[in-house]
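Morning, everyone. Please have a look at the model on the screen, and then we'll walk through it.

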Amino acid sequence: MSTEDVNTDNAETLTTDVIVIGGGPVGENAAQYATEDSELEALIIEEELLGGECSYYACIPSKTMLRPIELAHATQHLDGLDGARIDADALMQRRDEWVSHYDDTGQIDWAQGAGLRVERGQAQLIGERRVLINEPQPVIVEARHAVVIATGSQPTVPSTFVDVAPWLSRDATGVREVPESLLIVGGGVVAVEAATWMAALGANVRMLVRGDGLLSGQEPFAGQHLAQALEKAGVIIDRETKVEACYRPSAKDTGLGRIHGGQVTVQTIGPDGESTVTADEILVATGRQPRLNDLGLESVGLTDEDITAGRLPEWLYAVGDASGDAPLTHWGKYQARVHGAQIRASATGEESESIPANVPVPQVVYSDPQVTSVGMTEAEARKDGHEVEVSQLPFNSSAGTSLLRDDAEGTAQIVVDARSGLLLGATFVGPEAAELIHPATVAIVGGLPVHVLRHAVPSFPAASELWLPLLEGLPRRLRLSLSE
């Protein structure tokens, strides 16, 4: 709906200090930080479930299924244990409990308890600091200080798949009917995590990947480890494979996580030429894009590209996936905390906080093994002009990581600036690797050179002890801050 089609003649008018469009964790954080310890008021507008994509359809449901699978796999690789069995029905029931059975009553109670007002409906900008809520009755809300766009993102679906009612990420996390065979188009985070739990639930999974490996953008060894693990779990990975056509005569949206009709036929072209593959279901995991459609940006002279490029008037903010930045909940929440505090400072006349110059984006892929990284890869650091030193070790190079599993396979690597000794990036691949990345994030944000970081003594035999041999793998002059 364009703003020209909107009739506001009978609309009620409200006034508040801050309007937040989007009630996911990012929007909630923006509202909370914009108003904390002040007399300021915030209004959150949400057209779906308060709590957003992460709470019901992404991070939370995927991790509730992946964690038991990871533990079951661990019991199969530790002497003294007989091995746990994965109960598909119990796994999906656990997921339903964590997503509150797709009921946001508890989230509404939390927001109200935090002093945040919530309105249901679709929101559109209709002028500077003015937002129209279209449903159920038109309401115009005027903000005294700021409007925050926190609408998240939506899956990108290539035209090849539009008419076959494919599964998207929500169907994968909300799975109700496990297909006997599943095609996954893509090789990124959503694809590999879904492949992990769908294979564990009993589906025969085949991945169709355009590139020559998984997790492009990560260190090459990350995708290699993950491909080996998935193939060991029975997943077929077709690399350098492009989908030319996709057919499903009886395509039908049968509901969240249910098989959407009859058999799917896909024509592909890969290293060995053309091929035809069939499956009971197909999951399209080819990326996401900021959800900015129908926001009425034209009413204030803006385009989608203006939002993602940060070309915004002083009263308008974009946070989280909607900003076009890294589509990660924790990163969006960080943005929301920073911008929310800036809004509050501007509105109250207080001084804004100082933001560190170098804040990297940490990421975890909750596959088995886990892949976690922060900062630059080795290739990115070299491309950026750094002279680098790299320390790389097998993940089981410490007692702590070796104790996690009897075959704790994986790789750990840090990338360091050879002149300053500052940590530029880190990547860990291995069981429970997610717990090892935060020291790297702290070191980068704090500008800690490795000769200082080596004095942060890890406990024995905790997994964090892996940091010690990693640092010892660097040249002595860097570890001890010696002049050349």
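Three domains here, with bounds from an automatic or database domain assignment. Domain 1 is 12–154 + 290–348, domain 2 is 159–284, and domain 3 is 362–478. This is a predicted model: local features need pLDDT of at least 70, side-chain atom pairs count only at pLDDT 80 or more, and totals for chains, interfaces and linings use all residues. Residues are numbered from 1 along each chain as its sequence is written, and side-chain values use heavy atoms, without hydrogens and water.

Now, domain 1 and domain 3. Their C-alpha centres are 32 Å apart. Each side brings 11 residues to the contact, meaning heavy atoms within 4.5 Å.

How much area do they bury between them? About 1000 Å², 50% of it on carbon and sulfur atoms. Buried area is the accessible area (1.4 Å probe) that two parts lose on being put together, summed over both. On the domain 1 side, Glu70, His77 and Leu78 lose the most, together 44% of what that side buries.

What about polar contacts across this interface? Seven residue pairs, both partners at pLDDT 80 or more. A polar contact is a pair of N or O atoms within 3.5 Å; within protein, one must be able to donate a hydrogen and the other to accept it, and residues adjacent in sequence count only if both atoms are side-chain atoms. Helix H3 (residues 59–75) gives the most to domain 1's side, with six residues. Helices are DSSP runs (H or I, at least four residues), numbered from the N terminus.

Key: Helices (H or I, at least four residues) and strands (E, at least two) are DSSP runs, numbered from the N terminus.
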